Amino acid sequence: MIPQQVIDDILNRISIVDVIGRYIDLRKSGKNYLALCPFHNEKTPSFSVSEEKGLYHCFGCGASGNVVKFLMDYQRFSFIEVIENLARMAGVDLSRYSNDEGIRTGSEREILYRVNKEAMKFFHNQLLYSEEADEARNYLKNRGLSAEIIKTFQLGYGGKEWTTLSYYLKEKGFKEEDIIKAGLSSRGNSGLYDRFRDRVIFPIFNREGRVAGFGGRVLRESEKVAKYLNTQETPIFHKRSLLFAFHMARDEIVKKMEAIVVEGYMDVIGLFQGGIRNVVAPLGTSLTEDQLMFLKRFCDSVVFVFDGDEAGVKAANRALDIAVKSPLKKRAVILPGGKDPFDYVMQYGAPSFIHYLEKRKLEAIEFKLRYFSKFIDKKKEKAKFVGLILPYISQINSAIEREEGLRKIAGYVEENFSVIMDEYQNYVAKGRSVVSVLREVQENRGGLVKYPRVELEFISLISLFPKALDKVMGIITPEMIENEELRKLYEFVLENPGKASSEICGSIENQELLQYVSAYAQRENLKEENLVEMAYKLKFNYINREVSKIKVLIEQYEKASDYKEVKKCYEIQMRLQEEKKSVEESLKSCAQEMELSE
Ligand SMILES: [Zn+2]
């Protein structure tokens, strides 16, 4: 275990704005920072980060927490990995806790990254120097790749033998199970054997530039083996969310506010060599919504560039279907003459490629219209043709974009807009019942919080200003807090004086409560002074509750003719009334002070 004190120390050195700002684009807004939320799709920023309080909160989807929670959710890191990462950023050395199992061996993911890095070196050296790799070297050379680009992408070669890599990695001290877990080897009858054999290797980096997995392409196409082989899903390799070359393309994507999405690794590499660097590719599968959501954080438009053959056209159409809900501006280009982006840029050069894109890229809806017109005659079978494209339109989130789409359809099939609109409404009406029911369920789920308001506000405020504890601990004792969870949190604050706000919030396990506290933290004009007033209000409520309890007791004892107890109760009641009066006085003077200070 890393001592809590060390973790606290790391967190103290870290700026939440600095850390989150490494992943998303934060803009200053008043005291806080605003951004488009990385956890849900949105067009206007509702993701707020407060440096002062060390918390973030999204008013759209409710995501919230401190910097640790952010990294765990955003990067899918485990707690220990987040701490390892933050320690690195903060310049805190964790190595002296190295007798601890977790740190000495590193977290599981850390080990997988290390195995991969070592494997990448091995593959790369094989490609550059081994005799076996002659054919691979020639293949890349013949396709026109420079030595420089091979180095940039750390391309490699997996040898012809069955065990070279496995043996090498074991020599380097990695455990068999970790090598298998990284997807590099499988277990056979006589031990481990390499999975990437006799292939050109494309390391696949994550967004931080660490090797998450590999793609391998055969040198000679045959029916016996798959042309491409990718690492299977591992704890660090998620096909659905990673994008090939993103870490290298990122800056240019941000600069251009546009990402070019191609299908193959070679396409990306070819375009990079030509100097076009805002290019990424999905990992051997079609693009996913996760990948689009991720891109949305860095740019506002994507251009799909696909091969000019039938498969390419189909793939482009499918990509647009997947992208339909994304607020990204979407365009697609089909290259001429059956060429793929790699061939095109090698043959005609990058300027020509860019020019072609600019001239020929089609808005999603136009692309769709042309695509369907290949299958159905838009004049002879107008209704059927329109019917084909309405499902796509109905998926578009933005009402404006939807209407634009319907207008384009009207123009394309030479029909009145109102007729197309009618068709659309008919289509939607059929599916509406299900949609509206789903929506209702969702709205109910996000219902009101179940905590007493004053208690919730008090606890939120004390979590945000733990230093003000001295001012209220004489007024409020834990038993005055009715809600058990809030009471426990207050106890935690009392037991841990001097803890920072972000750490207190970090201890909140209930997501709903954490959301509330984080949302509360983003309010303007929060002052420590409010705390005292709130404490008295809370106490006032507490006394009222006690008074009604006593009343019930008095009734019960009177019925039972237990006058001794009745008398005791009256005494308590009197004391409560006095206390109540004094609290009321305090509340009044709080109000006066507030007036004076404003
Ligand atoms: Zn959100």
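Modeller: Five strands make up an open sheet in the order β1-β2-β3-β4-β5, with antiparallel pairing. Here strands (E, at least two residues) and helices (H or I, at least four) are DSSP runs numbered from the N terminus, and two strands pair if DSSP finds at least two bridges between them. At the edges are β1 (27-29) and β5 (64-65), each of which pairs on one side only. Further in, β2 (residues 32-35) and β3 (residues 47-50) run antiparallel to each other over 3 bridges.

Before going on, a word on what you're looking at. This is a predicted model: local features need pLDDT of at least 70, side-chain atom pairs count only at pLDDT 80 or more, and totals for chains, interfaces and linings use all residues. Residues are numbered from 1 along each chain as its sequence is written.

The domain assignment, which is automatic or comes from a database, puts domain 1 at 4-97 and domain 2 at 101-230, among others. Now for helix α4 (residues 79-90). It has 12 residues and reaches 16 Å from its first C-alpha to its last, close to the 16 Å expected at 1.5 Å a residue; that expected span is 1.5 Å times one less than the number of residues. V82, I83, E84, L86 and A87 of α4 are buried, meaning that 20 or more other C-beta atoms, placed from the backbone, lie within 10 Å of their own. An α-helix has 3.6 residues a turn, so residues three or four places apart point the same way. The buried residues of α4 pack against α1 (4-13), α3 (67-74) and α6 (108-129).

How far can you trust it? pLDDT is the predictor's confidence in each residue, from 0 to 100. The protein chain averages 85, and 94% of the residues score at least 70. Confidence is lowest in helix α5 (residues 101-105), at a mean of 45, and highest in strand β13 (residues 279-280), at 98. Over residues 99-104 the pLDDT is below 50, and this stretch has 8 contacts beyond near neighbours in sequence, a contact being two C-beta atoms, placed from the backbone, within 7 Å. Where pLDDT is low, the predicted coordinates should not be read in detail.

How values were computed
Buried ≥ 20, exposed ≤ 12 C-beta atoms within 10 Å, placed from the backbone.
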